[in-house]
Amino acid sequence: MMLSIENLNAYYGQAHVLKDVSINVNKGEVVVMLGPNGHGKSTLLKSLCGMVDKKQGKISYKDQDIIKFSSEKIVNLGITYIAENRELFPYMSVMENLKLGAYSKNARKYEKENLEKVFTLFPRLAQRKKQYASTMSGGEAKMLAIARGLMSNADFLAIDEPALGLQPNLRLEVARIIKEINNQGKTILVVEQNIPQITDLADKLYVLEEGHITFEGNKDDALSNDHLKEIFLGM
Amino acid sequence: MQAKSMIKILAVIYGIIGILPIFVSDSSIMMRILTMILIWSVVASCWDLIMGYAGIFSFGQVAFYVIGAYSSAILSVSLNVPPVVAVLMAGIITAIIGVLVGLPCLKLAGPYIALVTFAFQLALEPFLKGPLGKAIGSGGSRGIISVPPIEIFGISFSSSNLVPFFYLTLIMTLVCSVIIVVILKSHWGTAFLALKDSEDFAASLGVSAFKYKLLVFGVTSFITGLFGALYVHYVGILSTRMLSMEVFTVLLIMIVVGGIGQYPGVVLGAVVTVTMNELLRPMGIYRLLIMGGMVVIIVLLLPDGVTGLFKKLSFFRSAGKREQVQ
Amino acid sequence: MLIEILDVIISGLLNGSVYALMAIGLALVYGVTKAFNFAYGSFYTMGGYFAWVFLVPLNLPGGYYTVFLTAIPFLFVVGFFLEKLLVAPLRKRSDWQMKAMMLTLGLSLFLDIGYIAMFGPRLKSLPDIVEGTLDIGPLVFMKQDLVIFILSISGLLCFAWILNNTRVGMAVQAVAQNPIGAQIVGIPKDRVFAATFAISTIMVGIGGILLSQKNFVNPQASTGIMIKAWVITAFGGMGSIKGSLYAALIIGMLEAFVGYYLGMIHIDIAVLTLLLITLAFRPQGLMGRE
Amino acid sequence: MKKIGLMSLIVATLMVMGSWAIAADTIKVGCAFSLTGDYAGSGDNYFKGVEMAVEELNAAGGLLGKQLEIVMFDNQDFAPEVVMQGADYLMDQKKVAVVVAGWAGAGADVRAYGKYDVPAFLDDGSQASVDVYKEDPEKYRNAYFMTPVAAAQGSSVFNVLQALPYDYPNKKVVLINTDDAWGGEIGAVMAKRFKEIGWEVALHEIVPYGTNEWGPILTKVRRIKPAVIHFEIAASQEPITFVRQFLKRPTNTIISLGWSITPLEVVGTLGKKADGVMGDMPAGMPVPQAPTVEAQAWLDKYKKRYKHDLGVGSFVTYTSFMAWAEAAKASGDAYDFKAVNKHLKTVAYKGLMGDISWGENNTLHPQPGAPMTHYQVQNGELVTLFTDPAVTPYKDNKFIKPRWIK
C-alpha cells in the first residue's frame with residue numbers, strides 16, 4: 001500500500017475540520033474524493049502535503065509516518081499538491097514556473113526529461129514559454145499548475161478540483177490528461193465531482209461529509225447508493 | 001467585551017485616578033503624571049480604535065495630535081481666539097485634515113495606509129519649520145513658546161495650577177471615553193469587527209468599508225486633536241520636536257502593553273507606561289533601553305498585552321471554579 | 001555653469017547609489033516576508049560599530065578587508081536569528097504584520113540606546129577607506145565617494161544577478177510572489193524568510209560601514225536611515241527592487257538639485273511632497289504591485 | 001476584580017515616587033544635559049565641568065558641611081516638553097538646590113526653570129531666550145545665561161575676522177547656519193555687520209541639522225570664491241563633514257566654524273587636516289596656555305582627569321557652578337534660593353581668570369573672568385588668537401594663513 005491515512009484530525013484555528021479520517025491509496029490507483037464544499041476535502045489534501053499545522057493521526061507513505069514532515073520534505077518524498085486555485089507565480093514566465101516546479105532535490109536531476117514530458121503533454125505551454133503566468137487564461141493557468149506539479153517528479157499527485165470553473169471542453173481535456181498521467185504510472189488522489197469521466201477512472205471513491213468519511217467503495221457501490229448517485233455523480 | 005464591563009473597568013481606572021489628587025494634590029509632579037496619564041490614555045485609545053478595531057494600519061496618530069496642538073496654539077496666539085474656543089476649533093480642524101488624509105488612503109490595503117499616513121507625519125515637521133509653516137504662524141523651528149492657558153469663568157487651567165486642569169482633563173477624558181465605548185458598541189463597532197474579519201463578508205452585510213473607516217478616522221482625529229490642543233495650552237510651549245519618534249514609540253508601547261484591539265486595555269496600558277516612564281527616569285538612558293526590551297518581550301509573550309493576561313487568568317479561574325462544581 | 005550642473009548631478013548620483021543600497025534591503029524584506037522592519041536603521045549603526053571595534057580598539061590587521069570579510073557573516077547570522085527568534089513566531093497570528101511592526105520598533109529603540117550604553121553618546125570616526133581626491137579636468141572626486149559608489153553599485157548588481165539567475169534567488173522571488181505556491185513546489189518558506197531578513201541586514205550593515213567611514217558612527221543615525229530607506233521604498237513601490245533602485249536615484253538627484261537651486265532647507269519638504277503626491281495617485285508607488 | 005488589585009498596586013508605586021522627593025542630608029545638584037541625541041557631545045563637555053567642581057568641593061568636605069550629589073536628567077534634543085519635564089523632575093521631584101542645564105533650547109528652558117526659584121544656569125543667550133526672560137525679569141531671576149546674547153557673539157566674531165593680520169582677496173562672505181534661534185541670530189547679525197562695511201553676502205544658506213552632504217553648497221562656494229565662510233551649526237558632525245568636503249577642492253577662503261569648533265570631535269577627528277580653521281567659544285578659556293596660574297593648574301588637572309583636551313564648554317559650567325557654590329556658602333543655606341539669587345546677582349565671583357558677574361538680562365556678557373575666546377586650529381589643536389572684551393591678541397599666538405590659501 002502506497003499511502004494510508006489513519007484517524008487523521010486536522011484543525012483550522014478553532015475549527016475541527018477533519019475528524020478521524022482514514023483512507024488508503026494503492027500504487028497506480030486513481031482515488032476520487034467526493035463531498036460537499038467546505039467539508040474538508042482540500043484540508044485533507046493539504047494536511048497530506050504538510051500544509052496544515054494543527055493535526056494529529058498517522059499518515060504513512062511508503063511505510064514511513066510523514067505527519068510531522070515539513071512540506072518541502074514531503075515534496076522531496078514525491079508527493080505533490082496541485083492547488084484548486086493554481087497558486088502559480090504570477091510575475092514569472094511559464095518556463096520559470098516550471099523550473100521552480102522542479103525545485104526539490106529529487107526533482108532536479110530529472111528536470112530536463114520532465115520538461116520534455118510536460119511539453120508533449122501540454123503543447124500549448126510549449127508555445128507560451130515566455131508568457132507571464134498572470135496573463136494566462138484560466139484554462140491555461142490550470143494546465144500550467146498541473147504541469148508544474150508534474151515537474152516535481154512526484155509519483156503521488158494530490159489534485160484539488162482540477163476542473164473548477166473550466167468550460168466543458170477543457171474539463172474533458174483535464175480528464176484526458178489525468179488519465180494520461182495515471183497511465184504513466186503516477187498514483188493520483190483527486191478531489192473532483194463535476195466530471196463523470198474522472199469518476200469513471202476511479203479505482204476507489206471516498207465521500208467526506210462534515211469531516212467524516214461517510215462512504216468508501218468503487219463506482220458500482222457508489223451507483224447502487226441512491227443518495228450519492230444524485231448528489232455527487234449527478235446521474 | 002460587553003459594554004457594561006468596559007464601562008465598569010473604565011469607571012474603576014478613572015475613578016481611582018480621579019480621587020488620587022485628594023492625597024497627592026500637593027506634589028505637582030504627581031499631578032503632572034496623573035494628567036499625562038489621562039491625556040495619553042485617550043490619544044492611545046483613539047489609535048487603538050483605528051488600528052485594533054477599524055483595522056486601519058494608520059501611523060498618523062502623532063501627526064494628528066500635533067496638528068491639534070499647533071492649530072489651537074496658532075489660533076490663540078496669532079489670532080487671539082480665546083483658548084476654550086481654540087481648543088474646539090483645533091479638534092474640528094484636525095478632524096477635517098483627518099478626513100482629507102483618509103480620503104485618498106482608506107481605499108488602500110493595510111501597509112499602504114501605513115505608508116501614506118506615516119509619510120504625512122514625516123512631511124509635517126519640514127512643513128511647520130519651513131516658510132509655509134512660518135507663514136501660518138508655526139514659529140518655525142523655534143516653535144511657539146508662549147501659548148496662553150485655557151480660562152473658563154476666570155479660572156485659568158494651566159501647568160501652574162494643576163488640580164483644576166487635571167479635573168478639566170478628567171471630564172474631557174470621561175466624555176471621550178464614553179464616545180469611544182458608544183462607537184465600539186454601536187452598529188459601527190459591529191461593522192468594524194465585521195470589516196476586520198473580512199471586507200467581502202462585511203460588504204455582504206451591506207457595510208461600506210470606506211464610509212465607516214472615514215467616519216472613525218474623522219472622529220478619532222477630532223478627539224486626538226482636541227487633546228493635542230488641551231496639552232499645548234497646558235505646557236504653554238510647542239515645537240515640532242513633539243513629532244519625535246519617541247512620542248510615536250511611547251504611544252505604541254501603551255497599545256502593546258494594553259493589548260491591541262482590547263479596549264479598554266489600552267487605558268491600563270497608558271497608566272502602566274506613563275508610570276514606568278517616570279519610575280525609570282532616574283536610570284537615565286537605560287529607561288528607553290528597558291522600554292524597548294519590554295515591547296519586544298510583551299509582543300512575543302503577551303500578544304494581547306495585560307488584557308490578554310487577565311483573560312487567561314480569569315479563564316483559568318473560571319475553569320478552576322468549574323472543576324470545583326463538578 | 002555646465003561644470004556646476006555636472007557637479008550637482010554627480011553628487012546626486014553619489015547619494016542615489018548609497019540610498020539604493022540602503023533602500024533595496026528594506027524593499028526586499030517587505031517584498032518577501034511582508035514584514036515592516038522598523039529596526040532596519042539600527043543594523044546600519046550596527047555595521048558602523050562593528051567596523052569601529054575592529055579598526056580602532058582592536059586595530060586588527062588587514063583593515064577594511066578583514067572588516068568586510070567578517071562583517072558579512074556576522075550580519076547574516078544576526079539577521080537570520082533575529083527573524084527566527086522574533087519575527088517568525090508572530091506569523092501564526094492574523095494581525096502579525098502589525099505585531100511585527102511593533103516588535104521591530106521596540107527592537108530598534110533597544111538597539112539604538114544599547115549602542116549609547118555600550119559605546120557612549122559621542123560620535124566615533126573610522127579611518128578613511130582611501131585618502132585623497134581624483135581630478136578629472138575641472139571635476140574633483142573624493143576617492144572615498146568613488147569607492148562607495150563602486151562598491152554599492154557592484155553590490156547591487158551582484159545582488160540582482162543572484163536574484164534572477166540562481167536557484168536560491170528564484171526561490172526568494174517565488175516566496176515573494178506566492179508563499180503558498182512556493183510551499184507547494186517544496187521551497188522551505190521559513191528558511192527563505194530568515195535568509196532574506198539576513199541578506200537585508202547585510203546590505204544595510206555594509207552600507208553602514210561605507211557611510212560611517214565617510215561620516216561617522218553615530219548612535220542616533222538609525223532613525224534617519226530607516227526613514228530615508230522607508231521613504232524610498234514607499235516611493236519606488238513596496239517590495240519592488242527595481243522600483244527602489246529608480247526611486248533611490250531619483251531622490252538622490254532631487255535632493256542635489258533642490259539643494260542647489262532652492263537651498264538645503266527645502267530638501268526634506270521637496271522629497272516628502274514628491275512622495276505624498278506619488279502615493280496619492282499611485283499608492284503602490286512607482287513600480288509596486290497592488 | 002484583578003484589575004482593581006493592579007490599579008491599587010500602581011497607585012502605591014505612584015505614592016512611593018511622591019515620597020522619594022524629600023530626602024536631604026546631601027545637597028542635590030541637577031544636571032540637565034543632552035545625554036542622547038545630536039548634542040550629546042556638548043552635553044558631555046558641560047557635564048565634565050560640573051563633575052570637576054563637585055568632586056573638588058566634596059573632596060574639601062562638601063558645601064556647608066554637606067556632600068554634593070549629582071542628579072542627571074537627559075535633555076535629549078531640547079524638545080520644549082522634555083525641557084519642561086526636566087525642570088519639574090529636578091526642581092520639584094528631586095528638590096535640587098541648583099541646576100546646570102547646558103545648551104537647552106531657546107526660551108523653553110527659561111520658562112521651564114523660571115517656574116521655580118532654584119538657580120538655573122543655561123547656556124543659551126539667544127535673543128529668543130532673553131525675550132522670554134524680559135517678559136518678567138522678577139519671575140525669571142533664577143535663570144542665568146552662561147553666554148552673551150547671540151548678537152554680541154556674532155559681532156565679536158565679525159570684529160575678529162576684521163582684525164586678522166590678513167588681506168582678503170575680495171569682499172565676499174558666505175554664511176551658513178541652522179534654522180534654530182542661536183544659528184539664525186548669529187547669521188543675521190554677521191550679515192548685517194558685513195553689509196555695513198560694504199561686503200557682499202554672496203550666499204546665506206540655512207541648513208537643517210543632520211546635513212552631511214555639502215555638494216550643492218560647495219558647488220556654489222566654488223563659483224563665488226568668497227573670502228570668508230562663517231559656519232554656525234551647534235553640533236559636531238556637520239562641521240566635520242563640511243570641512244572635509246570643502247578641503248576636497250578648497251577656495252582661497254578663511255573658514256570660521258563659530259561655536260561648532262568646540263565639540264571635541266571636531267578637532268579630534270579632523271586633526272591636522274583642520275589646521276587654519278577658525279572658531280570661537282562664548283565664555284571660554286584660552287588654550288593651550290591659560291592666562292593665569294590658577295587657570296593653568298585647573299587646565300592641567302582637567303587633562304589629567306579626563307585624558308583629553310579641554311572640552312571648551314567645561315570651563316563655563318565649572319565657573320558658574322563655583323559661583324553658585326560661593327553664593328550658597330555666603331547665604332548659609334543652599335536652599336535659601338532668595339538669598340542665593342540675590343548674592344549671585346549682586347556679588348561678583350572671583351573665577352580662575354578674574355571676576356565674573358551676570359549683567360543685563362542675566363547674560364554673561366564678555367568679561368575678563370569669562371572672555372569670549374577665538375581659536376584657530378594649529379597642529380591639530382585649538383590655539384587662542386584673541387579674547388574679547390576688546391578684541392585683544394592673546395599672548396603671542398600668531399594667526400597662521402591656512403595652507404589651502406594660495
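**Figure 1. A six-stranded sheet in chain A of this predicted model.** From one strand to the next, the twist averages 15°.

Figure 2. If you want a spot to look for, find A:Val31, which stands opposite A:Lys204 of strand 9.

**Figure 3. Helix 7 of chain B and its buried residues.** This helix covers residues 162–185 of chain B, which is 24 residues. From its first C-alpha to its last, helix 7 of chain B reaches 34 Å, close to the 34 Å expected at 1.5 Å a residue. Which residues of helix 7 are buried? They are B:Leu162, B:Phe165, B:Phe166, B:Thr169, B:Thr173, B:Cys176, B:Ser177, B:Ile180, B:Ile183 and B:Leu184. A handy tip for reading that list: an α-helix has 3.6 residues a turn, so residues three or four places apart point the same way.

**Figure 4. B:Leu280, in a loop between two helices.** You'll find B:Leu280 in the loop that links helix 12 (265–279) and helix 13 (286–301) of chain B. Is B:Leu280 buried or partly exposed? It counts as partly exposed, because it has 16 C-beta neighbours inside 10 Å, whereas a buried residue would need 20 or more. Leaving out residues up to four places away in sequence, B:Leu280 touches B:Arg287 and B:Ile290. Check B:Met291 too: it is 11 residues from B:Leu280 along the chain, and their C-alpha atoms are separated by 9.2 Å.

**Figure 5. Where chains B and C meet.** Four pairs of chains touch, and the pair with the most contacts is B and C. Chain C brings 33 residues to this contact and chain B brings 34. On the chain C side, the elements giving two or more residues are helix 4 (96–119), helix 9 (221–236) and helix 11 (267–281). Helix 4 of chain C gives the most, with 14 residues. Sorted by class, the chain C side has 24 nonpolar, six polar and three charged residues. Some other chains don't meet: no contact joins chains A and B, whose closest C-alpha atoms lie 13 Å apart, and none joins chains A and D, where that distance is 27 Å.

**Figure 6. The two domains of chain D.** Chain D is divided into domain 1 (2–145 + 296–362) and domain 2 (151–282 + 372–393). Their centres, taken over C-alpha atoms, are separated by 30 Å. Where the domains touch, 16 residues of domain 1 are in contact with 15 residues of domain 2. On the domain 1 side, helix 2 (40–59) and helix 5 (127–135) of chain D are the elements that give two or more residues. Helix 2 of chain D gives the most, with three residues. By class, that side of domain 1 has five nonpolar, eight polar and three charged residues.

Note on methods. Residues numbered from 1 in each chain as written. Chains lettered and ligands numbered in written order. Predicted model: local features only at pLDDT ≥ 70, side-chain atom pairs only at ≥ 80, totals over all residues. Helix = DSSP H or I, 4+ residues; strand = E, 2+ residues; numbered from the N terminus. Expected span 1.5 Å × (residues − 1). Buried ≥ 20, exposed ≤ 12 C-beta atoms within 10 Å, placed from the backbone. Contact = placed C-beta atoms within 7 Å. Nonpolar A, V, L, I, M, F, W, Y, C, P; charged D, E, K, R; others polar. Pairing = 2+ DSSP bridges. Axes fitted to C-alpha atoms, helices over the stretch in contact; angles between N-to-C directions. Domains from an automatic or database assignment.
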